[in-house]
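Please look through the sequence and the structure shown here before reading on.

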Amino acid sequence: MPVPKPLLDAPPVQLFNPVVRKGLEAALLETDATTTLLVGPPGSGKTVALSALWTRIRDAGDKAAWLELTPEDNDLKTLKARLGAAMDSAGTVFVDGLNHLATPHARYHLDHLLFEAPRRRFYAASRALPGPGFQQGFLRGAVNVVGPQELRLDDSEARQVLGIRLSRRQAEHLNRFVDGWAAGLRMLSMDADAALALADDKAGATAIPAAMAAYFDSVICADLPAGTLQALFDISVFRRFSPESLTAIPPGGRRWADIAPLIEHHLFVRHVDATRVWASFQPAFGCHLRHRFRQADPGRYEQLRMAAAAWFEAEGHATEAVRHAVALADGSTAARIVENAGAISIDAGDGPDVALGAPIAPERAVELPLAFLGQVYYRIRQGRQREVRAPFERAAALTDNFTRLGANADPEVVSSWYALLVVVLKAADDVELAEADIDRLEAALAAQMAREPVLAASIASVLAFLYLDLSRHAEAAAICSMGMSALDVASNYKATLFIRLHQAAAALAQDTLEQAVLCVEDAMRIASIEGSSASYEMVTSQILRGVLHYENNELKQALALLQPALGYLHAVNGWGRLYAEAFTIAADAASLLHGPEVAEKLIRAGEGFARQRNLQRLGNHLAIARLAKHLRAGDWRAAQSLVDEAPLADLLTSRELSPYLLVQQVPAQLKAAELLLAIGRPRQAQAMLDQINKSFLADADNRLRLGFHVLAMQAAFGARRFNAAVEHMHASVELARQSGLVRRILDAREAVLAVFDWALRNGRHPAPGLATYVKSVLRPGGGAASGTQLAQNRPRRGAQNLADNFALSPRESEIIALIAEGFSAKEIASRLEISEGTVKSHRKKIHEKLGVTTRSQAIQRARELLIV
């Protein structure tokens with residue numbers, strides 16, 4: 001005899017800890033409907049969500065019944081008995097697997113009970129909205145439907161499920177790949193190698209994990225008729241499809257009816273537009289179908305990919321045409337489609353990289369100029385500018401600088417892209433650009449603003465970079481606004497990303513850290529859509545975001561972004577200022593967190609990169625970074641040696657006035673002045689500061705201006721020019737307060753507080769906002785920024801046995817210098833117009849601070865420390 005089916009079940013045992021989904025839980029509980037129905041594909045977490053709610057109700061002491069429906073429940077007698085037992089035993093009934101009810105009688109009986117049973121609450125799960133009863137119940141408010149959109153895991157929930165070491169961007173990429181599908185994320189979590197490969201796969205060539213492939217085959221594909229499955233293989237060559245596109249599949253087209261049941265039952269196919277014209281496979285399922293199709297019939301697979309690319313080209317869907325063409329085995333056809341679609345404009349827009357398998361020869365640049373330039377652009381972004389220079393120059397010679405073109409080419413568009421790439425290649429070498437380069441791009445921008453928005457935005461982004469390099473920050477911000485105005489700001493263009501990065505740099509330089517963060521976050525959002533961890537877009541966005549973390553004194557977060565990005569720099573192109581910030585700020589953060597040894601490793605890595613790319617400016621900035629490292633460590637002898645040698649000695653003595661040089665010279669001058677202050681030479685420090693080009697400084701980056709005011713404050717205070725010190729203190733604190741440069745002002749915390757307190761003692765009361773900022777940010781215990789990380793601000797001493805309060809006062813520095821010159825106490829008193837007793841008192845303090853007992857020891861130690 002068959003074993004009778006149990007009247008009541010229990011939820012399946014979960015062998016893993018489910019993610020707490022507060023949003024979904026609220027959708028299940030916060031409703032007046034008597035029936036709540038979860039609708040979604042298999043593996044979307046319906047049963048897990050209902051199990052968690054069932055447990056919560058039972059734990060609260062209330063009664064809840066659970067039914068797990070199977071095909072056997074289509075027997076009306078069985079179904080009635082089980083539903084009756086559930087309703088008799090509890091006020092809340094959970095029914096899982098409604099999709100198993102296929103007979104009209106079973107469905108009618110379920111509808112009747114769910115909508116007519118008094119004082120009962122039902123929770124149910126199905127792959128689709130089951131029948132007219134539920135439709136009517138939904139329309140009159142008796143049914144609360146929680147659909148596939150609510151069941152998709154968001155990015156933070158996905159990271160919890162994945163549970164493996166992934167960057168935030170990688171986890172978000174995987175979540176998009178499985179479309180928030182809980183079971184898919186769980187399968188990825190069990191195969192870390194496959195997950196990592198997929199997370200960085202931009203081309204879609206990586207196979208899905210074996211467990212996921214087996215799931216699709218056994219749960220989805222096994223139940224489909226052979227003809228339907230073959231139709232899905234054919235349709236899978238389209239990344240998105242409409243009824244019209246399916247008719248293009250040879251020999252006789254495919255029917256929308258082959259897809260409609262899967263959309264209705266949420267079987268990994270869904271509409272992707274509000275008009276419900278276009279649909280697509282869930283990316284993981286589409287990847288699986290294409291993989292199986294390519295293995296089973298590679299000839300037809302390639303034939304249909306060609307047909308898909310041709311259809312999108314013929315219908316005017318340029319981005320989709322390129323997306324399908326770039327992977328074609330027939331390189332000649334692919335190049336023609338890419339050229340006709342706009343090639344480089346598509347790449348800089350919201351399309352894929354124009355990474356054709358076989359390179360286009362320079363001889364074909366006449367007929368395929370945009371496709372050729374697109375290849376150059378793609379390789380430059382990969383840091384492969386050396387390999388494209390010779391073909392680029394040869395193509396320029398063959399086309400008379402891209403003015404002699406085929407009949408189908410738009411000469412203005414082509415020449416504008418050519419002018420842009422000429423500048424980009426120069427910038428890749430980090431050479432000083434001529435005004436003629438800027439003039440040419442400004443003219444091209446004016447010509448393309450109304451004609452070619454992506455081209456105009458791309459030109460604007462390069463111009464913004466040039467202006468930033470010249471410290472013309474206001475012009476950079478204005479040109480970025482022009483570029484954004486040319487675009488549809490809702491689209492995820494690469495050109496938008498580049499502009500956002502330059503907007504962030506301009507905001508950091510002249511406005512606020514907060515504005516810069518907003519721009520960078522938008523850039524990172526766009527970069528994460530298609531970019532891998534090693535893509536130009538992701539690396540540059542990550543570097544600038546790391547810089548902003550550093551400036552906000554979030555050192556761990558800064559290094560967590562900067563160090564991985566530095567590892568990818570060899571594989572991307574960038575600009576000199578970006579490289580300099582990446583290495584120097586990473587080194588300073590490492591010095592603060594981990595000490596000078598770790599900072600030295602980063603500086604050496606940067607020097608190796610500078611030699612590899614022949615980037616002199618980067619080498620100069622790294623010399624400044626090494627000087628900063630020595631200053632943090634209190635290694636003043638090494639710091640002085642560095643200042644006396646090339647390249648810093650050359651920078652400090654240069655009389656050139658070009659912004660390209662000044663943007664290197666001014667940081668060097670500031671660090672040299674900092675060294676002079678550290679060894680007790682405030683007047684020499686002031687002399688160094690006086691050499692700084694004040695015209696350049698007036699429009700310089702906020703960080704340079706803040707650094708200048710801080711050092712000028714210290715020099716003036718050390719020279720007893722108290723009024724000037726107070727003025728510079730006010731300027732530095734106000735600049736830090738307005739711009740948000742927390743890290744910079746914390747570096748000068750003790751000096752700022754000394755001048756601030758002097759001003760208070762002498763009746764120089766600051767504005768309330770400034771005083772509040774000092775109290776909240778700089779006072780010990782005054783705020784988050786002044787907590788544990790303040791200990792990191794103190795220089796790490798070398799091996800010298802110095803007292804904790806080592807720093808000599810300006811007067812003490814002056815006296816030890818005179819002692820070293822051989823003056824007696826009486827002669828020093830006469831020279832400084834103070835009493836001999838005061839000289840002896842200062843001498844005693846000097847001995848205590850230097851840890852010595854005799855005059856000769858004091859002179860020797862002062863010389864070791866570069867005080868004299």
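**From one phenylalanine to the core and the sheet**

Apart from its neighbours within four places in sequence, F216 is in contact (heavy atoms within 4.5 Å) with W181, I208, C221, F268, Q282, A284, F285 and H288. This is a predicted model, in which local features need pLDDT of at least 70 and side-chain atom pairs count only at pLDDT 80 or more, whereas totals for chains, interfaces and linings use all residues. Residues are numbered from 1 along each chain as its sequence is written, and side-chain values use heavy atoms, with hydrogens and water left out.

F216, together with F402 and I745, has the most contacts inside the largest nonpolar core, which has 208 residues; such a core is a set of buried Ala, Val, Leu, Ile, Met, Phe, Trp, Tyr and Cys residues joined through side-chain atoms within 4.5 Å, buried meaning under 20% relative accessible area with a 1.4 Å probe, protein chains only. Helix α24 (residues 453–469) gives the largest share of this core, 13 residues. A second, separate core has 35 residues, among them L648, L651, A668 and A700.

Elsewhere, five strands form an open sheet in the order β2-β3-β4-β1-β5, with parallel pairing, where helices (H or I, at least four residues) and strands (E, at least two) are DSSP runs numbered from the N terminus, and two strands pair if DSSP finds at least two bridges between them. Because β2 (64–68) and β5 (143–146) stand at the edges with a single partner strand each, one side of each is left without a neighbour in the sheet. Strand β3 (residues 92–96) is joined by five bridges to the parallel strand β4 (residues 121–126), with T92 opposite R121.

Note on methods:
Buried < 20%, exposed > 50% of the residue type's maximum accessible area, 1.4 Å probe, protein only.
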